[in-house]
Amino acid sequence: MPEPHSNGLTRRQVLGIGGAFGLLTTTGLATAATLARRPATTGGQLRSTAQLPPPYQVPLPLPAVLKPVSTDGAADRYEIVQRETTAEILPGLRTPLWTYGGSFPGPTIEARRGRPVTVTHHNELPVPTAVHLHGGRTPAESDGYPTDLVLPAGWPQAPHTMPGMAGTDGHGGGMGAMTDPRAVTTRLKRDYTFPNDQRPTLLWYHDHRMDFTAPAIWRGLAGLYIVRDDAEDALGLPAGPREIPLMIADRAFTADGALTYPSLDPTLRERPGVTEPYVAGVLGDVILVNGAPWPVHETDAARHRLRLLNASNARHYELEARTEDGRRLDLVQIGADQGLLAAPVTHQSLPMAPAERHDLVVDFASAPVGSLVRIVNRLGSGRTRDVMAFRIARPATDDSRIPPALTTDLPDWHREDAVRTRDFAFRAGRMNGGHGWLIGGRPFDPARPDVTVPLGDTEIWRLIADVHHPVHLHLVGFRILTRGGKPPLPHDAGLKDTVSLRPGESAEIITRFDGYRGRYLFHCHNAEHEDMGMMANLEVV
């Protein structure tokens, strides 16, 4: 699997990308030109036929915090039913959804560092599911490996064989039927246990069923999970109603309000994949925040902590906060994917790839009462440039603060600590006669060992991309050492679990593989890419 490291794409790598994805061509020069332009995003955009509301009319929903069904001195237990429902997302229309607990986003779980949580998921959907806590430091049996399925009632399929992509018409991933002798399946329900032995941060849980992750998330299977601890609580950051979780996602809608998605098999039972224009990624033309289109939130003229998640399948964002007179408010970043930074980093705009999280403080005190502060997406056009708005409803006192030092518990890994370096190329390719997305030239196979790491080893991974690839490692957080052979960018600070690679870009990351032994994954978090082969096995021994 490993390939020679480069800070850019070699001619052989460029010519090997393939070229059937609608944004890449079959000639090296045209492909190189595409990469050089570094387009804002990778994928094809769907067009809604529904009547869409004007921006900043729908109130921002706040996901409910789930209450445990039982608790004792050592652990908390929760129950979530995965079920179909309908909800009013666009005003006056009902949208069928697949949900955790009947809502989109699913209910938020709030956990304490070091206090275990067990969540029993009951599958009442028509297809198998697998739940992954993204960013969780989780034992392998609860990590939501894509073949460790919770089967619904009456599901006829043999438990260890996945349908896979047939790849006969060039529109699928070409993965074929897959056998995984290590798959652990259950029927109707499964317990997932999360020790929460990790830094406080915003995580999220979502479906991770093999070959069908993208359409399942699109239909609504995503929710927030927050880990807290006493040290963070004592910092004096904005809290209570001034701490706001924001799950940003794009979708598209039919005229009657249903979600539209270009699945080859809309039942999500047999044939994975999407139609040809969308195999590079599916983009919607409606921006949802906490499940509402371009919402507005009334709030105080004070500091607010905004905990952002990009839960889009493929869309990238570059966010700004703009007042009505055109001023840009500072986005003070206090945390990344895996928790607090050592010190705040101030941005005027901030990029976000799929699955990335940013923990920000924004001060609305300078905005006039009654005015709007808009959150805009510099990478969008038309309606996708708008995200949401805050209406400054009232003046307020503010005793919150942003300490100059936020934490001292970030890992202190150095290049010389690494016992080995590995190289991975993330790029398009061919598999079994169809189109796919490959790591090191190979599509995912659950039965094939790809990377084996002794527990406790520190490694450097060098990653290179053809187009946009947000690369996610399960189990561990990492630090970004370099981008394109240069120092990391300001938004790369802190401990990450997802690194956004732009077209033609390379990056080096360093991590220590500790926590638990077992089988995990690393993959692209463009959800269509991972469904079409861009995953690999990580075995910690």
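**Strands, sheets and cores**

Reader: Which residue in β14 is the bridge partner of Ala111?

Author: The bridge partner of Ala111 in β14 is Val227. Please note that this is a predicted model, in which local features need pLDDT of at least 70 and side-chain atom pairs count only at pLDDT 80 or more, while totals for chains, interfaces and linings use all residues. Residues are numbered from 1 along each chain as its sequence is written, and side-chain values use heavy atoms, with hydrogens and water left out.

Reader: What makes β5 and β7 edge strands?

Author: They belong to an open sheet of 4 strands in the order β5-β14-β13-β7, with mixed pairing. Because β5 (106–112) and β7 (131–134) each have a single partner strand, one side of each is left without a neighbour in the sheet.

Reader: Which strands stand at the edges of the open sheet of 7 strands?

Author: The order there is β18-β17-β15-β20-β26-β23-β24, again with mixed pairing. At the edges stand β18 (292–293) and β24 (339–347), since each has a single partner strand. Within this sheet, β15 (residues 243–251) and β17 (residues 286–289) run antiparallel and are joined by 4 bridges; Asp250 has Ile287 of β17 as its bridge partner.

Reader: Why is Asn377 called buried?

Author: Buried means under 20% relative accessible area, exposed means over 50%, and partly exposed lies in between (1.4 Å probe, protein chains only). Asn377 has 0% relative accessibility and therefore counts as buried. This residue is in strand β27 (residues 372–377).

Reader: What does the side chain of Asn377 reach, and why is this called a polar contact?

Author: The side chain of Asn377 reaches the backbone oxygen of Thr384 at 3.3 Å. A polar contact is a pair of N or O atoms within 3.5 Å; within protein, one must be able to donate a hydrogen and the other to accept it, and residues adjacent in sequence count only if both atoms are side-chain atoms. The distance of 3.3 Å is therefore within the limit.

Reader: What makes β21 mostly covered, and with which strands does it pair?

Author: In β21 (residues 317–323), 6 of its 7 residues are buried. β21 pairs with β27 in the antiparallel sense over 5 bridges, where Ala321 has Ile375 as its bridge partner. With β25 (residues 350–352), β21 pairs antiparallel over 3 bridges, and Leu319 stands opposite Leu350. β21 and β22 form a hairpin with 4 residues between them, and Gly326 in the turn has a positive phi of about 90 degrees.

Reader: How many residues has the largest nonpolar core, and what makes it a core?

Author: A nonpolar core is a set of buried Ala, Val, Leu, Ile, Met, Phe, Trp, Tyr and Cys residues joined through side-chain atoms within 4.5 Å. The largest has 79 residues, and Val499 is among those with the most contacts inside it. Apart from it lies another core, of 28 residues, including Ile80 and Phe212.

Key:
Two strands pair if DSSP finds at least two bridges between them. Helices (H or I, at least four residues) and strands (E, at least two) are DSSP runs, numbered from the N terminus.
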